[in-house]
Amino acid sequence: MWIVTGGSSGIGAQLVSELHDDGQDVIVWDREEPRTAGVGFVMIDLIESGSIEKAAANVASGVECFVHCAGSTSPTSIASEHAPERMRAAFELHVVAFVRSVRSLARQLAAAQGSVVAVLSAAGESVYPGTLAYGTSKAALERVTQ
């Protein structure tokens, strides 16, 4: 079984569709229902306290791969009035949710000799205008995965 966060849109939705077409058992953790029919779905807010632990507790076993694809961008610069809040939200979603998920699924992943994948971004390696929160949090996520 594969668990994919952010599997209802963007890169995550494409991944879920391809995995499903290949006959893989997929569960999407997201705030919105997935576009791909026939996959499992857990409605979850990844930054809500305890939501990840609760979702992981309902996964019995057989997690072959956890893919953290959830992401969000908000144009942010250091001069932005909302920069601190956007930084906090980006770190919660991209970094903290990843760490909580891996920790919460560790037993199931170990039993299945599973893998963990974090979807990164070029914005974490290079400077792009307006990507302060997104780019910094993706750089931190890359560091965590190393």
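Leaving out neighbours within four places in sequence, Thr-5 is in contact with Trp-29, Leu-46, Phe-66, Val-67, His-68, Cys-69 and Ala-70, where contact means heavy atoms within 4.5 Å. Before I go on, this is a predicted model, in which local features need pLDDT of at least 70 and side-chain atom pairs count only at pLDDT 80 or more, while totals for chains, interfaces and linings use all residues. Residues are numbered from 1 along each chain as its sequence is written, and side-chain values use heavy atoms, with hydrogens and water left out.

Back to Thr-5. The residue sits in strand β1, residues 2–5; strands here are DSSP runs of E with at least two residues, helices are runs of H or I with at least four, and both are numbered from the N terminus. Thr-5 is buried, at a relative accessible area of 0%. Buried means under 20% relative accessible area, exposed means over 50%, and partly exposed is in between, with a 1.4 Å probe and protein chains only. A polar atom of the Thr-5 side chain lies 2.9 Å from the backbone nitrogen of Cys-69. That is a polar contact: a pair of N or O atoms within 3.5 Å, where within protein one must be able to donate a hydrogen and the other to accept it, and residues adjacent in sequence count only if both atoms are side-chain atoms.

Next, the strands. β1 pairs with β2 in the parallel sense over four bridges; two strands pair if DSSP finds at least two bridges between them. Trp-2 has Val-26 as its bridge partner in β2. From β1 the chain crosses through helix α1, residues 10–21, to β2, and this β-α-β crossover is right-handed. Right-handed means that, with the strands pointing away from the viewer, the path from the first strand over the helix to the second runs clockwise.

How enclosed is β2? Five of the five residues of this strand, residues 26–30, are buried, so β2 is largely enclosed by the rest of the structure. In a regular strand the side chains alternate between the two faces of the sheet. In β2, Val-26, Val-28 and Asp-30 point one way, Ile-27 and Trp-29 point the other way, and all are buried. β2 is also joined by four bridges to strand β3, residues 40–43, and the two run parallel. Asp-30 stands opposite Met-43 in β3.

Ser-8 is buried, at 4% relative accessible area. Apart from neighbours within four places in sequence, Ser-8 is in contact with Ala-13, Val-28, Asp-30, Glu-32, Glu-33, Pro-34 and Arg-35. A polar atom of its side chain lies 2.4 Å from the backbone oxygen of Glu-32, and the Ser-8 side chain reaches the backbone oxygen of Glu-33 at 3.4 Å.

Now to β4 and β5. Four bridges join these two strands, which run parallel, and His-68 has Ala-118 as its bridge partner in β5. The chain crosses from β4 through α3 to β5, again as a right-handed β-α-β crossover. In the loop between α3 and β5 lies Gln-113. Gln-113 has a positive phi of about 50° although it is not a glycine, and at 74% relative accessibility it counts as exposed.

What does His-94 touch? This residue is in helix α3, residues 83–111, and is buried at a relative accessible area of 0%. Neighbours within four places aside, His-94 is in contact with His-68, Ala-70, Gly-71, Ser-72, Tyr-134, Ser-137, Lys-138 and Leu-141. Its side chain reaches the backbone nitrogen of Ser-72 at 3.2 Å.

Tyr-134, Ser-137, Lys-138 and Leu-141 are among the buried residues of α4. The buried residues of α4 pack against β4 (65–68), α3 and β5 (115–118).

Last, charges. How many salt bridges does a search of the whole structure find? The search finds one, between the side chains of Glu-92 and Arg-100, at 3.9 Å from N to O. A salt bridge here is a side-chain nitrogen of Lys or Arg within 4 Å of a carboxyl oxygen of Asp or Glu. Glu-92 is partly exposed at 25% relative accessibility, and Arg-100 is partly exposed at 27%.
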